[in-house]
Amino acid sequence: MRISTKGRYGLTIMIELAKNQGEGPTSLKSIAQANELSEHYLEQLIAPLRNAGLVKSIRGAYGGYILAEVPSKITAGDVIRVLEGPITLVEGIEDEGPAQRELWIRIRDAIKSVLDNTTLEDLANNSEGTENDGYMFYI
């Protein structure tokens with residue numbers, strides 16, 4: 001399984017919206033600037049997220065986007081499936097031998113479990129304050 005920039009940047013959008021939950025709409029421009037990403041590319045990614053009901057758009061001068069649910073109800077798996085499609089590890093596993101097929105299924109299920117048990121709340125809380133968290137060495 002390979003997560004493309006669509007999935008990675010889509011998660012970035014959703015994590016930023018989760019961090020700003022309750023503070024009003026967040027513009028894609030501010031997300032793009034904060035993460036040094038292309039605003040134009042983020043505009044392409046927000047449409048499927050909105051169509052899937054994960055985000056809502058707010059129009060107007062102070063408009064932007066908000067999460068459609070609280071961050072604890074949206075998982076990384078929800079976002080990845082919208083932007084990347086179904087989670088598959090290997091195409092045509094039915095042609096594999098029983099041992100290999102079992103291995104691919106176990107790996108796929110482990111990936112699904114991690115994605116489906118990691119919420120935007122988890123990711124937003126984990127990413128706060130990590131920029132300056134470095135190792136402190138004492139001599």
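**View A. Helices H3 and H4 cross in a right-handed sense.** The handedness term is used as follows: clockwise turning of the near helix from the far one is right-handed, and anticlockwise turning by less than a right angle is left-handed. The model is predicted, with residues numbered from 1 along each chain as its sequence is written, and local features need pLDDT of at least 70, side-chain atom pairs count only at pLDDT 80 or more, and totals for chains, interfaces and linings use all residues. Side-chain values use heavy atoms, leaving out hydrogens and water. Helix H4 spans residues 76–84, and its axis comes within 10 Å of the axis of H3, at a crossing angle of roughly 115 degrees (axes fitted to C-alpha atoms over the stretch in contact; angles from 0 to 180 degrees between N-to-C directions). H3 is therefore roughly perpendicular to H4 (65 to 115 degrees; under 35 is roughly parallel, over 145 roughly antiparallel, the rest oblique). On the H3 side the residues are Leu45, Pro48 and Leu49, and these meet Val79, Val82 and Leu83 of H4. By class, the residues of this contact are 6 nonpolar, with no polar and no charged ones (Asp, Glu, Lys and Arg are charged; Ala, Val, Leu, Ile, Met, Phe, Trp, Tyr, Cys and Pro nonpolar; the others polar).

**View B. Helix H2 packs against helix H3 at an angle of about 125 degrees.** H2 covers residues 28–35 and H3 residues 39–51, with the two axes 9 Å apart. The two helices are therefore oblique to each other. The crossing of H2 and H3 is right-handed. From H2, the contact (heavy atoms within 4.5 Å) involves Leu28, Lys29, Ile31 and Ala32. The H3 side contributes Glu39, Leu42, Glu43 and Ile46. The residues of the contact of H2 with H3 comprise 5 nonpolar and 3 charged, with no polar ones.

**View C. Arginine 81 and aspartate 116 form a salt bridge between their side chains.** The N to O distance is 2.7 Å, inside the cut-off of 4 Å between a side-chain nitrogen of Lys or Arg and a carboxyl oxygen of Asp or Glu. Arginine 81 belongs to H4 and aspartate 116 to helix H5 (residues 98–116), so the pair ties together parts that are 35 residues apart in sequence. Arginine 81 is partly exposed at 30% relative accessibility (buried is under 20% relative accessible area, exposed over 50%, partly exposed in between; 1.4 Å probe, protein chains only). Aspartate 116 is also partly exposed, at 32%.

**View D. Threonine 75 sits in the loop between strand E2 (64–67) and H4.** At 11% relative accessibility, this threonine is buried. Leaving aside residues up to four places away in sequence, threonine 75 touches Leu115, Asp116, Thr118 and Thr119.

View E. Lysine 19 is partly exposed, with a relative accessible area of 28%, whereas glutamate 16 is buried at 14%. Glutamate 16 touches Ile31 and Asn35, not counting residues up to four places away in sequence. Asparagine 35 is 19 residues from glutamate 16 in sequence, and their C-alpha atoms are 9.5 Å apart. Ile31 is also one of the H2 residues in the contact with H3.

**View F. The side chains of arginine 108 and aspartate 109 meet in a salt bridge.** The N to O distance is 2.9 Å. Both partners are partly exposed: arginine 108 at 24% relative accessibility and aspartate 109 at 37%. The whole structure holds 3 salt bridges.

**View G. The protein chain contains 6 helices and 2 strands.** Helices (H or I, at least four residues) and strands (E, at least two) are DSSP runs, numbered from the N terminus. From the N terminus on, the order of elements is α-α-α-β-β-α-α-α. The protein chain has 139 residues, of which 29% count as buried. Of the contacts between residues at least 6 apart in sequence, 68% join residues at least 24 apart.
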